Amino acid sequence: MPRIPSPVIAAAGLVGGYAVARWTKKRPLGGAVLAVAGGVAAREWQQVGGAKVAAGLGAAYVAAFAGSHPLAKKIGAWPAVFSVAGGMAAASWAVTRDRG
């Protein structure tokens with residue numbers, strides 16, 4: 001089975017987590033989607049770049065999630081989510097692109 005690139009997993013986790021929380025009106029369910037995707041992405045980051053890369057990108061993933069909240073107040077919820085998801089995907093790609 002082909003592997004899904006970690007930038008895609010990370011972006012999908014941020015977008016999917018928000019979408020699930022919004023459409024089901026159950027924030028913990030959205031948080032579960034966010035956490036599962038983050039864990040899968042972290043495993044990929046660790047396999048490709050090691051523990052330091054995984055820790056750094058994991059911190060960026062959490063920061064993207066947290067940062068989407070104040071950003072949403074300025075530009076709207078969906079634009080904020082897509083912005084941080086794109087930024088997270090770009091960061092993941094930039095750090096892992098030459099490593100595997």
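A: Leaving aside neighbours within four places in sequence, Val20 is in contact with Lys25, Leu29, Gly30 and Val33. The model is a predicted one, and the values that follow are computed from it. Val20 itself belongs to helix 1. With a relative accessible area of 25%, Val20 is partly exposed, because that class lies between the 20% limit for buried and the 50% limit for exposed. Its C-alpha atom is 9.4 Å from that of Ala32, a residue 12 places away along the chain.

One of the contacts of Val20 is Lys25, and that residue has its own point of interest. Lys25 sits in the loop between helix 1 and helix 2. Its phi is positive, about 60°, although Lys25 is not a glycine. Lys25 has a relative accessibility of 72% and therefore counts as exposed, the limit for that class being over 50%.

The largest pocket holds about 370 Å³ of space. Its lining is made up of 17 residues, and those closest to the centre are Tyr18, Ala21, Arg27, Phe65 and His69. Helix 1 (6–24), helix 2 (27–49), helix 3 (51–75) and helix 4 (77–96) are the elements that each give two or more residues to this lining. Helix 1 supplies the largest share, with 5 residues. Sorted by class, the lining has 10 nonpolar, 5 polar and 2 charged residues.

Further along, helix 1 also holds Ser6. Ser6 is buried, because its relative accessible area is 7% and the limit for that class is under 20%. The side chain of Ser6 makes a polar contact of 3.1 Å with the side chain of Ser92. Beyond its neighbours within four places in sequence, Ser6 is in contact with Ala41, Glu44, Trp45, Ser92 and Thr96.

Glu44, one of those partners of Ser6, is part of helix 2. Glu44 also counts as buried, because its relative accessibility is 8%. Apart from neighbours within four places in sequence, the contacts of Glu44 are Arg3, Ser6 and Ile9. The Ser6–Glu44 pair therefore joins two buried residues, with Ser6 in helix 1 and Glu44 in helix 2.

Helix 2 contains Gly39 too. Gly39 is partly exposed, with a relative accessible area of 39%. The C-alpha atoms of Gly39 and Gly58 are separated by 8.6 Å, although the two residues are 19 apart along the chain.

Last comes the record for this chain. An unreviewed UniProt entry lists residues 75–95 as "transmembrane region". In the model, that stretch is 95% helix and 0% strand.

Notes:
Residues numbered from 1 in each chain as written. Predicted model: local features only at pLDDT ≥ 70, side-chain atom pairs only at ≥ 80, totals over all residues. Heavy atoms only, no water. UniProt positions renumbered as here; feature names shortened; annotations may be inferred. Helix = DSSP H or I, 4+ residues; strand = E, 2+ residues; numbered from the N terminus. 1 Å grid on protein atoms, 1.4 Å probe; cavity = no way out; pocket = protein on both sides within 12 Å on 5 of 7 lines; lining within 4 Å. Points joined across faces, edges and corners; volume = space filled by probe spheres on them. Nonpolar A, V, L, I, M, F, W, Y, C, P; charged D, E, K, R; others polar. Buried < 20%, exposed > 50% of the residue type's maximum accessible area, 1.4 Å probe, protein only. Polar contact = N/O pair within 3.5 Å; in protein donor to acceptor, adjacent residues only side chain to side chain. Contact = heavy atoms within 4.5 Å.
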